[in-house]
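Below is a short report on one structure, written for someone who has not seen it before. It should be read alongside the model.

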Amino acid sequence: MKRQLSRRSFIAGATATSGLLLTGCTDPILPPTYGSLLGLGEALTFASHRLLLRNQPLAREFDRGSISKGFPAINTTFPEDELYRRLLRGQFADWRLPVGGKVARPMSLSLQDLKRFPARTQITQHNCEQGWSAIAEWTGVQLRRVLQHVQAAPDARYVVFRCVDGWWDSIDMFDALHPQTLLTYGMNGQELPVQHGAPIRLRVERQLGYKSLKYVSSIEVVDRLDHIEDGSGAMVVSYGYSWYAGI
Amino acid sequence: MASNKMNATPSGEQRHALTVRITHWLNAISFCTLVFSGYIILSAHPRLYWGDTGHFGAPSLFDLPLALNLDDSGWGRSLHFLAAWALVINGIVYLLWSVFTGHLRRRLLPTAEQLQPRHLADDILRHLRFEHAPDAAARYNVLQKIAYLLVIYLLFPLVLLTGLTMSPAVTAAHPWLFDLFGGRQSARTIHFFTACTLILFLVVHLGQVILIGFRSEVLAMITGKSTPRSTP
């Protein structure tokens, strides 16, 4: 009984403290998953980057002459999913992207719907966690336009992406609303190739390449991540990678 | 001989301030962790390039003879940044302390006399003959001071800045880092060679410690005091 009481008061105290820390902040000051000692560095990095990027600067954009020849394609390069293969054969005419969760107008968008939004084209550097980097031109719709279109709830904090090949990940609104965060359908002036994530690849330019998911199949707006999949915020966390990859 | 000269320092005399000792060992732990985790990260792509980009299928500057390991860079990177934060915070404490207490001026900056060509030449010759200066324990010799200053004011800032140039978030806020180092892959290459130079310093540093007396030197860096030498 005594122990229960003290545990309860401890939890109450801890909740009050974290509430205090978050008061008045729209964006989180700590990453959602930083459980272990190893995550302490990530938490410090995340907090300092949020301060450093508070004016939302753009990642450097390059000229067309800088575009890399032979941009590597790694991990999934041709999804095995039957439905995906069928949609690919139909040039994704029947493909739909469900956008739901904490939004006023949940909807399923076709590739044509996404192309009807004003497009943004950017030539940026992709930085693979392995250590290599390559430059490509990406064309797509800003994620924030899609979030505005479906009227994402003002108190929503994260956007969760699920992919055809089973990958899933999430970013917070700070990155989701950034002007360079795109749902891309074009690469180097062509349709996005299959090995690079057709029909839609996410671009999160201020984080490592693994946050720029290929083969995006659904978007969910949420206010917390602990009830999504295993609660870690990203599939790659179970392989030892950080949820926040601004490094 | 050399060891007799060492005994010129009475045992029990204060050699290293408490702040120096604490920051020295925290730095040692952080640096070794950074070297280990840096090796793990590098093993995921042991090729070095020059310029903005570099990838398989593009020409490399060097292909390092490391076994490819794609499975450990996740926790390796987390460990690298945990150690980097420890090194940076510890380094800032040390730098502020050394400037404001005068440690930098009194102990690290060479004196005018030490910078005389004659003194420099003598010190180089002494090093080549593996001999110690008569006042070896009382103050750092001039080559030692130059080495420490280069490590503290050139190599550590360089390894930190080139490390930050690999961050897509930091370079969004500070794109001049790309221009300073000639691109992200150039920064990665400079980061590697700066780390190698720091490792080289560590090897020479440990060699000197062993040469002078491993036990007495390590004890001095723990207790802060000179100890009687085990061999007279």
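Strand β6 of chain A, residues 168-172, is mostly covered, with 5 of its 5 residues buried. Here a residue is buried if 20 or more other C-beta atoms lie within 10 Å of its own, exposed if 12 or fewer, and partly exposed in between, with C-beta atoms placed from the backbone. Helices (H or I, at least four residues) and strands (E, at least two) are DSSP runs, numbered from the N terminus. This is a predicted model: local features need pLDDT of at least 70 and side-chain atom pairs count only at pLDDT 80 or more, while totals for chains, interfaces and linings use all residues. Residues are numbered from 1 along each chain as its sequence is written, and chains are lettered from A and ligands numbered from 1 in the order in which they are written.

In a regular strand the side chains alternate between the two faces of the sheet. Both faces of β6(A) are covered: A:W168, A:S170 and A:D172 are buried on one side, A:D169 and A:I171 on the other.

The partner of β6(A) is strand β5 of chain A (residues 158-163), which pairs with it in the antiparallel sense over 5 bridges; two strands pair if DSSP finds at least two bridges between them. A:F161 has A:D169 of β6(A) as its bridge partner. The two strands form a hairpin with 4 residues between them, and A:G166 in the turn has a positive phi of about 95°.

Leaving aside neighbours within four places in sequence, A:F161 is in contact with A:W168, A:D169, A:S170, A:L202, A:L213, A:V216 and A:I219. Two residues are in contact if their C-beta atoms, placed from the backbone, lie within 7 Å.

A:F161 also belongs to the largest nonpolar core, which has 40 residues; A:F161, A:V159, A:C163, A:L183 and A:V216 have the most contacts inside it. A nonpolar core is a set of buried Ala, Val, Leu, Ile, Met, Phe, Trp, Tyr and Cys residues joined through C-beta atoms within 7 Å. Among the elements of chain A that each supply at least two residues of this core are β5, β6 and β10 (216-222). The most, 5 residues, come from β4(A). A second, separate core of 19 residues includes A:A59, B:A169, B:V170 and B:L177.

The contact between the chains takes 37 residues from chain A and 32 residues from chain B. On the side of chain A that touches chain B, α2(A) gives the largest share, 9 residues.

Chain B has 9 helices and 2 strands. Of its 232 residues, 28% count as buried. The C-alpha atoms of chain B fill a box of roughly 60 × 35 × 35 Å, taken along the principal axes. Helix α5 of chain B (residues 117-128) is hardly covered, with a count of 0 buried residues among its 12.

Most residues other than glycine have a negative phi, and most peptide bonds are trans.

| Residue | Phi | Place |

A:Y215 counts as buried because it has 23 C-beta neighbours inside 10 Å. A:E229 is partly exposed, with 16 other C-beta atoms within 10 Å. A cis peptide bond joins A:A198 and A:P199, with omega about 5°.
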